[in-house]
Amino acid sequence: MPSNRFQKGEAVMGRWPGSSLYYEVKVLSYDTDTQLYTVIYKDGTELELKGADMKVSSLYQRATGFRQSGGRSRSRSRSPSRRRSRSRSPARVTRRSTSRTKEAPKEPKPKDVLEVRVSPLAYVKFKNVQNCKKLLLFCHKFCPQKAEAVLEKNRVGTRYNLRPRKEDPMDQLIEDLQKIVDETLSEPEKQTVGKTAELEFGGKLGAAFMIVFLPAVTFVLLLMCQQKDPSLLDFPPVLPELDTLWDAGVFGIVALWFLFQALLYMLPVGKVVEGLPLATGKRLKYRINGFYAVILSAAALGVAYYQDVDLSYIHDHFMQFAVSSMILSSVLSVYLYVRSRWAREGELAPGGNSGNVIYDFYIGHELNPRIKSFDLKYFCELRPGLIGWIVINFSMLLAEMKFQKLDTPSLAMMLVNGFQLLYVADALWHEEAILTTMDIVHDGFGFMLAFGDLVWVPFTYSLQAFYLVKHPNALSWPWVAVILAIKLIGYSVFRKANSEKNAFRRNPTDPKLSHVRTIPTATGKSLLVSGLWGLVRHPNYLGDIIMASAWSLPCGFTHILPYFYVIYFICLLIHREARDEKQCRKKYGSAWDEYCRQVRYRIIPGVY
């Protein structure tokens, strides 16, 4: 009976079924009857492999301290024809019997093993033999040509080594690899982000158009909402005098609000978590205290209200607040682009590194701009604009009572305020979840996100409340119950989908997720095809759309203006879904095709 070559707990290289790629696996057990090894991959997938599908090259064995028992003998056992894989993937492992061949398998070449895809390692120096594997993988990640040359030199030198046994040839390998690491760390600009080849949003002309179009749309929407009859038949609205759009005092309030939120962001409360690995392998740290910020902001708002501060002032000068925010976001965007010119290549955004000034200014040239530990993109994503949205809504509620001479807010206004307050509070309660979104992981911080966070969100998302101030809508209780039910359904879908996604992204090997179905990919990650994510590819988008409808329904059906958010949001999510589709297909290849085959519908079940 053939001997057991690999021992329990040993780390070796295992071939991925159906491919020529080898990945690091850990041996869990060996079945003497079937002569199959049970191994586990780094993503948690368990498979049964034959000895012929597992290997350790002599170079890797020396470099990493892997043990190989049983000499060089190879198993020639007959594999049973029917074996089931323990993988969570529906794919089966194809096993070929080795009984027909008399030849021992060839010694694997180093380049075969180097097909393993690994995440970049932290930039530290590795001095001993046990860490030589880390050195080797680091060098192959950033300096593949140099690494190949060193491996070939060592392979030949080891085969024809005439030096005394006490002079370990591995010492020379470690020395050569250490030189590559030192050179790489001394020149960090070599760790580059490739030039953006595929431009989005219509390319350079599209970016230039959006820089003008987005402020214009915001401006027109607010002007239309102020009209007595906000019908499309009255378009375009009457333009105000330019001198009425600027007020230094209003700009000061906007700047103070931004600084106040920055101060809350820097409070040493809340836990500190790490984001996803960047292209350089580094993980940025983020303090999670957004919910504290919204509570303190609400307390400050309450103090102002009980001190008889006229908060309806925001409604009365709404256009001036919008213009001031546009100026602030534009100044911030210019600053972000100028500072990005001095950023290291590894800190640039993969989607905003085209070399064109206008396009990179719009998309965002730098991925995570920081002033020491203050992350500008992360701060703007959830703080001044999102919390400001709730302050604006509360101002509109007070303005409605004042303008309509009401003792209490209308049912429609209370529903809009309550629904949107829940949305913001939920986002800040689950603040950590934003670290896995496209905005944080992929998009740079430029005009697109700066304008979106500081202007578009607070001033267009509050359009329903702004509309109701001068265009009240009476609601019956049965209709209120219907609207509440729609909101509840949308929120349930939204929250469940995001919770499933974030738990899986954070720790796919969590025992609590052992029941979920996944599709393994060549990147080492897996695609989730369980729960709501097994019904549609973006159930979180579906929940968002249902909730958006609930926000607009209290405004009635007299005008389409309050439904702008729903229309815009559907277009936004369809566009974002297309971006997701393109990136995932490029990243996961055939695994994504299999995922699309299993999960046919994109956002809405039954609608491809």
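## Helix packing and a pocket

The crossing of H7 and H8 is right-handed, a crossing being right-handed if the near helix is turned clockwise from the far one by less than a right angle, and left-handed if anticlockwise. The model is a predicted one, in which local features need pLDDT of at least 70 and side-chain atom pairs count only at pLDDT 80 or more, while totals for chains, interfaces and linings use all residues. Residues are numbered from 1 along each chain as its sequence is written, and side-chain values use heavy atoms, with hydrogens and water left out.

Helices here are DSSP runs (H or I, at least four residues), numbered from the N terminus.

| Pair | Angle | Axes |
|---|---|---|
| H7 (residues 248-265) and H8 (residues 290-306) | about 135 degrees | 10 Å apart |
| H6 (residues 203-226) and H16 | roughly 5 degrees | within 11 Å |
| H14 (residues 411-429) and H18 (residues 477-506) | roughly 10 degrees | within 12 Å |

Angles under 35 degrees count as roughly parallel, over 145 as roughly antiparallel, 65 to 115 as roughly perpendicular and the rest as oblique. H7 and H8 are therefore oblique to each other, whereas H14 is roughly parallel to H18.

Contact means heavy atoms within 4.5 Å. On the H7 side, Trp257, Phe260, Gln261 and Leu264 meet Ala293, Leu296, Ser297 and Ala300 of H8. These residues divide into six nonpolar, two polar and no charged, where Ala, Val, Leu, Ile, Met, Phe, Trp, Tyr, Cys and Pro count as nonpolar, Asp, Glu, Lys and Arg as charged, and the others, Gly among them, as polar.

The second largest pocket has a volume of about 620 Å³. A pocket is an open set of points on a 1 Å grid where a 1.4 Å probe fits, with protein on both sides within 12 Å along at least five of seven lines, and lining residues have an atom within 4 Å of a point. Of its 26 lining residues, the closest to the centre are Ile253, Trp257, Ile314, Phe321 and Val391. H7 gives the largest share of this lining, six residues, and H8, H10 and H16 are among the elements that give two or more. By class, the lining of the second largest pocket has 21 nonpolar, four polar and one charged.

Conventions. Axes are lines fitted to C-alpha atoms, for helices over the stretch in contact, and angles run from 0 to 180 degrees between N-to-C directions. Grid points are joined across faces, edges and corners, and a volume is the space filled by probe spheres set on the points.
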